[in-house]
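This report describes the fold, the surface and selected residue contacts of one protein chain. Please consult the sequence and the structure shown below while reading.

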Amino acid sequence: MPFANIKVPQAALTTAQKKEIVHRVTAMFVDYFSEAARPHAMVLIEEVPDGGYGRADEVFVIPAPYRARE
């Protein structure tokens, strides 16, 4: 079973954007493994809360202008 685990900042993506990611990643699996992979493809999008990760020795908090709006 092909499996993708994608981590993004919490509130960075809309529901529609998450659906598109699932669709595109599933399509990529089908391109590589054939149509037989589609019913078994798993795409997990995990939202990491603010302060739950860092970059360059700095704890990251997503700025308000970059938060998704449904």
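## Threonine 26 and its surroundings

Threonine 26 makes contact with Arg38, Ala41 and Val43, once its neighbours within four places in sequence are left aside. Threonine 26 belongs to helix 1. Its relative accessible area is 12%, which makes threonine 26 a buried residue because that value falls under 20%. The model under discussion is a predicted one, and the values in this report are computed from it.

## Overall architecture

The protein contains 1 helix and 4 strands. Along the sequence these elements are arranged in the pattern β-α-β-β-β.

The radius of gyration is 15 Å, whereas a compact globule of 70 residues would have a value near 11 Å. The C-alpha trace spans about 40 × 30 × 15 Å along its principal axes. Of the 70 residues, 20% are buried. The protein exposes about 5,300 Å², and carbon and sulfur atoms supply 58% of that area. Among contacts with a separation of 6 or more, 68% are made by residues 24 or more positions apart.

Serine 34 follows helix 1 and has a positive phi, near 90 degrees.

Which residues of helix 1 are buried? They are Val25, Thr26, Phe29 and Val30. These residues lie on the same side of helix 1 because they cover an arc of only 145 degrees around the axis. In general, an α-helix has 3.6 residues a turn, so residues three or four places apart point the same way. Strand 1 (3-9) and strand 2 (42-48) are included in what covers the buried residues of helix 1. On the face turned away from the buried side, helix 1 carries the exposed residues Ala16, His23, Arg24, Asp31 and Tyr32.

## Aromatic pairs

The structure holds 2 aromatic pairs. In one of them, the ring centres of phenylalanine 29 and phenylalanine 33 are 6.2 Å apart and the ring planes stand at 40 degrees, so the pair is tilted. Both residues lie in helix 1, and their separation of 4 residues corresponds to about one turn of the helix. Phenylalanine 29 is buried, with a relative accessible area of 9%.

Tyrosine 53 and phenylalanine 60 also form a tilted aromatic pair, with 5.4 Å from centre to centre and 40 degrees between the planes. Tyrosine 53 is partly exposed, at 25% relative accessibility. Phenylalanine 60 is likewise partly exposed, at 23% relative accessibility.

Glycine 51 is located in the loop between strand 2 and strand 3 (54-55). With a relative accessible area of 43%, glycine 51 is partly exposed.

Where along the chain are the contact partners of glycine 51? Beyond its neighbours within four places in sequence, glycine 51 is in contact with Val59, Phe60 and Val61. The C-alpha atoms of glycine 51 and valine 61 are separated by 5.6 Å, although the two residues are 10 residues apart along the chain. Phenylalanine 60, one of these contact partners, is also the ring partner of tyrosine 53.

Threonine 14 lies in the loop between strand 1 and helix 1. Threonine 14 is buried, with a relative accessible area of 14%. Residues up to four places away in sequence not being counted, threonine 14 touches Ala68, Arg69 and Glu70.

Glutamate 70 is part of the segment after strand 4 (58-59). Is glutamate 70 buried or exposed? With a relative accessible area of 74%, glutamate 70 is exposed. Its contacts, apart from neighbours within four places in sequence, are with Leu13, Thr14 and Thr15. The C-alpha atoms of glutamate 70 and alanine 41 are 26 Å apart, and 29 residues separate the two along the chain. Alanine 41 is one of the residues in contact with threonine 26.

Key
Residues are numbered from 1 along each chain as its sequence is written. This is a predicted model: local features need pLDDT of at least 70, side-chain atom pairs count only at pLDDT 80 or more; totals for chains, interfaces and linings use all residues. Side-chain values use heavy atoms; hydrogens and water are left out. Buried means under 20% relative accessible area, exposed over 50%, partly exposed in between (1.4 Å probe, protein chains only). Helices (H or I, at least four residues) and strands (E, at least two) are DSSP runs, numbered from the N terminus. The arc is that of the directions from the helix axis to the C-beta atoms. Contact means heavy atoms within 4.5 Å. The radius of gyration is taken over C-alpha atoms; the globule rule is 2.2 Å times the number of residues to the power 0.38. Accessible areas come from the Shrake-Rupley method with a 1.4 Å probe; for residues, only the protein chains shown count as cover. Rings of Phe, Tyr and Trp (its six-membered ring) pair if their centres lie within 6.5 Å; planes under 30 degrees apart count as stacked, over 60 as edge-to-face and the rest as tilted.
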